[in-house]
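Dear colleague,

Please find below the structure that I am handing over to you. My notes on what was found in it follow directly after.

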Amino acid sequence: MTIQQGANATGPATTAADLQARAQAVAAIAAAHADSVDSAGRFPAEAREAMRTHRLLGAAIPIEFGGEGASIRALADVCYTLGRACASTAMIFAMHQTKVACLVRHGRGNDWQNGVMRRIAHDQLLMASSTTEGNNGGNVRSSAAAVEVDDDVVRLDRAATVISYGAEADGIVTVARRAVDAASSDQVLCVFLKEDYTLERLSGWETLGMRGTCSSGFRLLAQGGAEQVLKARYADIHGQTMTPVSHILWSSAWTGIAAAAVEKAQAFTRTAMRGAGGVAPPGVLHYGRAVSGLKQARALIGQSLDRFEAAGSDPAALSAMDFQTAITMLKVEVSELAVSTVMSAMRANGLAGYRQDGAFAIGRHLRDVLSAPIMIHNDRIVANLTTATLMAPVAASLRD
């Protein structure tokens, strides 16, 4: 439970260009191992080591705690770059940075939480996410397990349906009921480091795609200090940080997968036209649809980044119905667009895209991106949003 302070209290600010250059270096390594990660369903260890070497894991930690203060926009670009190389690596980075954002925005000022941030920056710790539990069907706003506090010691026994890359992480950020007598929706966010917990495997991770995230189920048995529970209500953390950051970073990763598929469709179409004396192949219409889908997804992410940056740390702006609707639907719309874009790229390439081998194969990209509308199911998201908006007035004009 002791937090080491790290070598330096401050570090140099990063530039978006510098961070992107380092992301490209990591992406090259991730791409070299992506097929192996997928076929074996193994954790992308080489990419994780590259992220540590190039110090991507602590990029968003504030400068005062030894990080670089990277912006959400810069992190989204990294997710897009990694998504083009290895989908699992991109999602691991996105989930880690979402948890870091929660610490930075809601844990700052607590000595223990400040120390965690220093360790993430100095030691390049990888933080896992545990929000899905038992039979709640992925409803992260409902918890069964509760934290128990006794003489400033906190304990948690949690049956997690999935903990993404849990066995490989250096720490876990998880939600739980505030107390044994609290309602399922009265939640807190807890931070545990590897020395604070044990994991007992409950289920494996044999999936169609995103196989390298290794999101097995575990029983999480944790014990730490009471200061390892963030004081902020999880309801506020969820609305102001967890949802917007995760939706932006996930969407950027999925759009990166789509970009990789479009690039293969472009290469196939060019090759086919050269071989046919300039005559376009039969699937060229689908290539055009793929290009359009990619542009739409990128535009939606850009709009959401603008909204999130404009809201800043203002709770009222972040909680406003218009913002919450837009940031919630970002995940739904981009996930669907990413799937249709990759499918269009597959159809553009025809049999060359359908094959599992060859330079124009798109099967891995399609299997990976199919996770987008299913993991944290779009139907649940839309149903919850519908309930929230039933009492809101319908806009009377385009200016409202």
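Asp306 is partly exposed, at a relative accessible area of 45%, where buried means under 20% relative accessible area, exposed over 50%, and partly exposed in between (1.4 Å probe, protein chains only). Its salt-bridge partner is Arg73, with the closest N and O atoms 2.8 Å apart; a salt bridge here is a side-chain nitrogen of Lys or Arg within 4 Å of a carboxyl oxygen of Asp or Glu. Because Asp306 lies in helix α7 (residues 284-311) and Arg73 in helix α3 (residues 72-85), the pair ties together parts that are 233 residues apart in sequence. Arg73 is likewise partly exposed, with a relative accessible area of 30%.

Please note that this is a predicted model, in which local features need pLDDT of at least 70 and side-chain atom pairs count only at pLDDT 80 or more, while totals for chains, interfaces and linings use all residues. Residues are numbered from 1 along each chain as its sequence is written, and side-chain values use heavy atoms, with hydrogens and water left out.

By the rule above, the count of salt bridges comes to 22. One of them joins Asp38 to Arg367, with 2.7 Å between the closest N and O atoms. This pair links distant parts of the chain, 329 residues apart: Asp38 is in helix α1 (residues 16-40) and Arg367 in helix α11 (residues 363-369). Asp38 is buried, at 12% relative accessible area, and Arg367 is buried at 19%.

A further salt bridge connects the side chains of Asp123 and Arg119 (3.5 Å, N to O). These two residues are 4 residues apart in helix α5 (residues 111-123), and so are separated by about one helical turn. Asp123 is partly exposed, with a relative accessible area of 34%, whereas Arg119 counts as buried at 16%.

Buried residues account for 54% of its 400 residues. The C-alpha trace spans about 80 × 55 × 40 Å along its principal axes.

Kind regards
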